Every structure is written in C-alpha cells, then in structure tokens.
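Subject: Structure for you to look at

Hello,

Please open the structure below and keep it in view while you read. My notes on it follow.

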Amino acid sequence: MAVSKSAIDKVLNFVKANKIQFIDFKFMDFPGQWQHFTVPVSQLDADSFVDGFGFDGSSIRGWKVINESDMIIIPDASTMFVDKFIKAPTVSMICDVHEPATKEKYGRCPRNIAQKADAYLKSTGIADTAYFGPEAEFFIFDDVRFDSQPNSSYYFVDSIEGRWNSGRDEGPNLAYKPRYKEGYFPVPPTDSLNDLRNDMVLNMIEAGLDVECQHHEVATGGQSEIDLRFAPLLQSADQLLMFKYIIKNTARANNKTVTFMPKPIQGDNGSGMHVHSSLWKKGKPLFAGNGYAGLSDTALYYIGGILKHAPSLLAITNPTTNSYKRLVPGFEAPVRLAYSQSNRSAAVRIPMFSSNPKTKRVEFRCPDPTANPYLAFSAIMMAGLDGIQNRIDPGEALDKDIYDMEPEELKNVPETPGSLDLALENLEKDHEYLLKGDVFTEDVIETWIKYKIEKEIKPMAQRPHPFEFALYYDV
C-alpha cells in the first residue's frame with residue numbers, strides 16, 4: 001500500500017495542533033486479537049511511516065521463532081483515531097507488519113492477507129470492490145470468574161439482567177429481567193443496557209465509525225448488538241477491531257465486562273456475527289438482477305461458492321471450540337447449508353428490506369465474532385469468487401423454517417461441521433480456493449491448523465469437564 005503524503009501530513013498536523021502526547025500502534029496477531037505498544041509523540045515523524053518501529057515477533061502467537069524474532073510495524077496514516085481510553089492525549093493507528101531486512105509484508109500478518117485479497121479481487125476483473133457489513137453480537141456481564149486447575153475447573157458469569165436472578169435477594173430485586181430467548185427487544189426498564197450501548201455508540205462515532213443502530217439481542221443476561229455501516233473489505237475489518245476495542249473499554253469504564261465468546265450461557269441464544277457482503281464494479285452493484293430474490297447470476301454463483309466451501313470456511317469464520325456450541329438447532333444459529341430470502345434459519349440469507357439494487361447483498365449467518373476479521377472476510381470473498389469463476393450452482397432455495405422440517409426432508413441438506421476439529425479437517429482437504437492470487441499461503445493454512453490443534457483442541461480434549469462429574473461420578 002502506497003504511503004499517502006497527505007494522510008501523513010494530516011496525522012502530523014493533528015498531533016501538533018491537539019497537543020497529543022503519545023502514539024499507540026495497534027496490530028493484529030495470528031489468532032485474531034489486537035496487540036499494541038506506545039511511543040512518546042517525539043518519536044513520530046514523516047520517516048516513521050516508511051521506516052516503522054521494531055518489536056519482538058517471537059512473543060506474538062503463531063509468529064516467529066526466537067532466533068528470527070525481529071520485526072517492524074509500519075503505521076497506516078489513514079487509520080488514525082483519538083484513543084479516549086488512554087489517560088494521556090493519545091492517537092492510535094493500525095499497522096502493517098513487515099520483515100525488517102526486506103521491508104516485505106509478513107506473510108502471516110492477517111492485515112496483509114486482507115490487502116492481498118483486495119488486490120486479487122481487482123486482478124480477476126470480476127469486481128473492484130468487496131463491501132462487508134458484520135453484525136457482531138456480544139454479552140455484557142456484571143461478574144465473570146473462571147479457572148482451570150489440575151483438580152478443579154469452573155466458570156461463573158452473572159448479569160443483573162439474567163433471568164436466573166429473578167428470585168435473588170438484591171435488596172431490593174426490581175425484576176424486569178428478560179425472559180430466556182425473549183430479549184429481542186423490550187423497552188427499558190427490561191432493557192437495562194440502553195444507556196450503556198448509547199455510550200458505546202457515541203464513542204464509536206467520536207472515533208470515526210459509521211453506526212447504523214443498537215439494540216438488545218435475544219438472550220437474557222445482557223446480550224446486545226450494535227451494527228456498523230458496510231465498508232470495503234480492509235476498512236470493514238479495521239473498523240470491527242475498533243468496534244470491539246471501544247465496546248470492551250466503554251463497558252470496563254462502567255464497571256461492566258463484555259465477551260464476544262459465541263456461547264457463554266447454556267440454554268439460550270449465542271452470539272453470532274452475520275456477515276453481509278456484496279461485489280461492485282466501477283461504482284455499480286453486481287448482485288442485483290432478475291433471479292431468485294432479485295439476485296443476479298453473479299450473486300447466485302457467489303452463494304454457490306460459499307455453500308460449497310462452508311465446511312472448510314468455518315475453520316476460519318468460526319475458529320474456536322466454543323463456536324460449535326452455538327451452531328446447534330433451536331437457537332437461531334444456522335446449521336444447514338442452504339440459502340433463502342428473509343429466512344434466518346438458513347446459512348445464507350438474502351435480506352429483503354429494500355428493492356434498491358444498491359442494497360442487494362448476501363448474508364452469511366454462520367460466522368461468529370471470535371473470527372479474525374481480516375482472515376474471515378478474505379476467506380468468505382475467496383469462496384464466493386470461486387463460485388463465480390466456476391459457475392457453482394447453489395441449487396434450489398429452501399424457503400422453509402428449517403428447524404421445523406422433518407428428518408426425511410433434511411437428509412439431502414448438508415450440515416455445518418459439528419466441531420472445530422471437523423472444520424479443520426475440511427480446511428486441510430479443501431483450501432485451494434484460498435490460495436488463488438497468493439492471498440492465503442500453504443504456510444498460513446498449515447500454521448492455522450497446527451496452532452488450533454495444539455493450542456486449543458488438544459488442551460480442551462485433555463481436561464475433565466464439570467458436567468462429566470454430573471454424568472459419570474457415581475458409575
């Protein structure tokens with residue numbers, strides 16, 4: 001990405017005019033968590049956007065070995081925002097990770113993968129812009145405790161809104177706690193979090209994000225959603241990370257805590273991240289047409305690619321063992337790989353709120369907010385492009401409530417993988433579509449699979465589960 005002198009000048013002028021004292025550099029690790037370090041403002045000049053700043057890459061998950069640990073970050077001047085969660089006057093910038101000797105972008109840097117996905121899209125001639133609009137749900141809790149020791153393991157989450165607290169002595173208990181699966185969306189006082197979500201929205205707007213709406217979500221215990229307006233792939237991923245950062249820190253400032261974990265509460269809805277996407281070329285939308293639900297052939301083939309590759313795609317869009325505790329029937333999570341208009345039980349939905357061709361888009365409902373957005377958005381687009389390039393027929397739409405269909409009707413409708421290890425097995429077998437244009441590499445795919453197996457699946461499998469004691473202690 002070329003360094004824009006005007007963007008650099010804007011940063012330097014803003015820093016000087018607003019008496020900024022620190023610069024915070026944020027970048028994405030391999031699994032999907034923002035990292036950062038901070039320098040005094042005196043360390044920032046025009047050369048910083050070319051020479052960058054060094055750090056130890058061996059301490060970042062999934063990256064360098066200790067004998068090859070030196071790396072640099074180079075800030076993207078266009079991503080500057082005032083970071084109000086740091087006490088001293090501070091601006092943050094999102095960074096790309098580079099090799100220090102060659103200045104080449106690091107192959108495992110997720111933001112680099114998203115940039116390569118953008119470049120590949122343009123090279124195909126199919127489109128020049130992929131727009132993404134994620135809807136990331138989350139829980140706001142008042143108390144969270146967990147531990148895992150050789151002789152014990154437990155978790156405890158609590159919310160003043162939790163229906164399980166309807167009988168608790170709260171001195172006094174004022175009731176108004178959303179019923180299980182009925183949190184969408186009663187007015188206050190049942191929705192006790194409206195003011196907090198408004199604070200989150202105001203902080204997002206102040207940081208430059210374009211917010212569409214906020215509301216309570218289906219589950220009891222503080223489940224919420226705030227929606228950002230769609231944006232080009234890279235920008236959308238950057239904004240989702242700002243979104244999560246602002247939500248968590250606004251909650252913390254109000255003595256609350258937020259999790260984007262898909263299934264923190266048993267027996268109620270989990271948190272998904274429905275991802276809307278569309279392709280455009282020369283300012284014109286490519287998904288509007290005369291086909292099913294007002295879709296073009298391009299859009300239908302795009303859906304065909306997503307449905308075909310979904311079993312492997314979920315290893316990236318649903319990347320945790322907890323993800324598959326959400327992907328079960330009965331809680332609005334899509335477990336059947338079908339498409340339909342307005343149908344929230346299908347893996348792919350075509351929203352029908354408007355007849356404007358510019359709003360025609362595809363909603364992939366399987367992903368959840370633990371996904372690394374750079375990797376997830378890139379992978380979704382690559383699956384869709386493969387569908388277009390190979391004219392993959394998505395089959396007939398399934399315009400029924402899938403949860404109410406009989407087993408005989410469902411036998412020919414594929415299911416999502418039932419666990420992370422099964423999704424990773426599918427990724428190992430089916431990832432050629434991700435390698436096109438060198439967007440993902442064999443090294444990235446192999447490292448992703450190995451990391452997930454060694455750091456998450458095996459440790460989880462080797463630990464006794466508390467519910468196993470209820471099932472088996474007395475055998």
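**Strand E6 and its partners**

Val 82 has Val 91 in E6 as its bridge partner. This is a predicted model, in which local features need pLDDT of at least 70 and side-chain atom pairs count only at pLDDT 80 or more, while totals for chains, interfaces and linings use all residues. Residues are numbered from 1 along each chain as its sequence is written, and side-chain values use heavy atoms, with hydrogens and water left out.

Helices (H or I, at least four residues) and strands (E, at least two) are DSSP runs, numbered from the N terminus. Two strands pair if DSSP finds at least two bridges between them. Strand E5 (residues 81-82) pairs with E6 in the antiparallel sense over two bridges. Strand E4 (residues 70-75) is also antiparallel to E6, over four bridges, and Ile 72 has His 98 in E6 as its bridge partner. Strand E1 (residues 22-28) runs parallel to E6 and is joined to it by five bridges; there, Asp 24 stands opposite Ser 92.

How many residues of E6 are buried (under 20% relative accessible area; exposed is over 50%, partly exposed in between; 1.4 Å probe, protein chains only)? Nine of the nine residues in E6 (residues 90-98) are. Thr 90, Ser 92, Ile 94, Asp 96 and His 98 point one way, Val 91, Met 93, Cys 95 and Val 97 point the other way, and all are buried.

H8 is largely enclosed by the rest of the structure, because 16 of its 17 residues are buried. The expected span of a helix is 1.5 Å times one less than its number of residues. For H8 this gives 24 Å, and its end C-alpha atoms are 24 Å apart, which agrees. At the N-terminal end, Asn 372 caps H8, with a side-chain oxygen 3.2 Å from the backbone nitrogen of Tyr 374. Just after H8, Arg 391 has a positive phi of about 50 degrees.

Helix H12 (residues 442-461) has 20 residues and should span 28 Å; its end C-alpha atoms are 27 Å apart, which agrees. H12 bends by about 40 degrees at Ile 453 (the angle between axes fitted to the seven residues ending there and the seven starting there). Its buried residues include Val 444, Trp 448, Tyr 451 and Lys 452. Among the elements that cover the buried residues of H12 are helix H3 (110-124), helix H6 (297-317) and helix H8 (373-389).

Most residues other than glycine have a negative phi, and most peptide bonds are trans. Which peptide bond is cis, with omega near -25 degrees? The bond from Tyr 184 to Phe 185 is, and Phe 185 lies in the loop between E9 and H4. A cis peptide bond also joins Gly 171 and Pro 172, with omega about 0 degrees; Pro 172 is in that loop.

Tyr 176, in the loop, has a positive phi near 50 degrees. Lys 181, also in the loop, has a positive phi of about 65 degrees although it is not a glycine. Lys 181 is partly exposed, with a relative accessible area of 40%.

Ser 159 is in the loop between strand E9 (152-158) and helix H4 (194-206). Ser 159 is buried, with a relative accessible area of 2%. Leaving aside neighbours within four places in sequence, Ser 159 is in contact (heavy atoms within 4.5 Å) with residues including Ile 140, Phe 141, Trp 164 and Gly 221.

Regards

How values were computed: A polar contact is a pair of N or O atoms within 3.5 Å; within protein, one must be able to donate a hydrogen and the other to accept it, and residues adjacent in sequence count only if both atoms are side-chain atoms.
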